[in-house]
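Here's a quick briefing for anyone opening this structure for the first time. Take a look at the sequence and the 3D view, then read on.

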Amino acid sequence: MEAIHEGGCVCGAVRFRAIGQPRRVSLCSCSWCRKRTGSLIGVSVYFDKNNVQFINAELKTHQLLSDAGRWVECQFCEHCGSALTWTLEFLPEYRGIAGGAFDAPMFIQPERYVYYQNKPEWLEINGDIRRCPLMPESPSH
Ligand SMILES: [Zn+2]
Ligand SMILES: [Zn+2]
């Protein structure tokens, strides 16, 4: 049985389901992640796009450029504005999901922290998490 991870936006209009395990999990403090989350760190959970289903999805889409100069197609709930999911120019076979949007996010195990140079000084990161000052050669977005 493959794991099923469910989540949704804050108002409940959009629900999603991701099957199996993430292909990549990144923490990020680039300006795009800070702005889209309204927080100092983005938690990006990437699944194979075919393993992600959106249910009753009323998503709005906007496209912009990441700090690394690549396009990012972001989707958010048109009712409450929660930023939920995105697709990246260089990882089109993956679908990013905002880590905080999962109902039970404890399965999330970050493997890298990119734009680590923007990490808040008061925050300590423990464990086996690769720290990348900016964008590594295998970027996150
Ligand atoms: Zn919503
Ligand atoms: Zn970022």
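**A first tour**

Let's start in a loop: Tyr115 sits in the one that runs between β10 (112-114) and β11 (130-132). Keep in mind that this is a predicted model. From there we'll go on to a metal site and a sheet.

- For background, most residues other than glycine have a negative phi.
- Is Tyr115 buried or exposed? With a relative accessible area of 8%, Tyr115 counts as buried, because the cut-off for that is under 20%.

**The zinc site**

- Which residues hold the zinc ion (ligand 1)? Its protein donors are the SG atoms of Cys9, Cys11, Cys77 and Cys80, and they lie 2.3 to 2.4 Å from the ion.
- Along the chain, these donors are spaced as C-x1-C-x65-C-x2-C.
- The arrangement around the zinc ion (ligand 1) is tetrahedral, because its 4 donor atoms subtend angles of 106 to 112 degrees.
- To put that in context, the ideal angle for four tetrahedral donors is 109.5 degrees.
- As for disulfides, the structure holds 0 of them.

**The sheet with β1, β2 and β5**

- Here you'll find an open sheet of 3 strands, in the order β1-β2-β5, and the pairing is antiparallel.
- β1 (4-8) and β5 (52-55) are the edge strands, and each has a single partner strand, so one side of each is left without a neighbour in the sheet.
- On average, neighbouring strands of this sheet are turned by 20 degrees against each other, ignoring direction.
- How many bridges join β1 to β2? There are 5, and β2 covers residues 15-19, with the two strands running antiparallel.
- In general, strands of a sheet pair through backbone hydrogen bonds.

Conventions:
Residues are numbered from 1 along each chain as its sequence is written. Chains are lettered from A and ligands numbered from 1 in the order in which they are written. This is a predicted model: local features need pLDDT of at least 70, side-chain atom pairs count only at pLDDT 80 or more; totals for chains, interfaces and linings use all residues. Side-chain values use heavy atoms; hydrogens and water are left out. Donors are N, O and S atoms within 2.8 Å of the metal (3.2 Å for Na, K and Ca); water is not among the atoms, so sites may look incomplete. Four donors count as tetrahedral if all angles lie between 85 and 135 degrees; four count as square planar and six as octahedral if opposite donors are over 155 degrees apart and all others between 65 and 115; anything else is irregular. Helices (H or I, at least four residues) and strands (E, at least two) are DSSP runs, numbered from the N terminus. Buried means under 20% relative accessible area, exposed over 50%, partly exposed in between (1.4 Å probe, protein chains only). Two strands pair if DSSP finds at least two bridges between them. Axes are lines fitted to C-alpha atoms, for helices over the stretch in contact, and angles run from 0 to 180 degrees between N-to-C directions. A disulfide is a pair of cysteine sulfur atoms within 2.5 Å.
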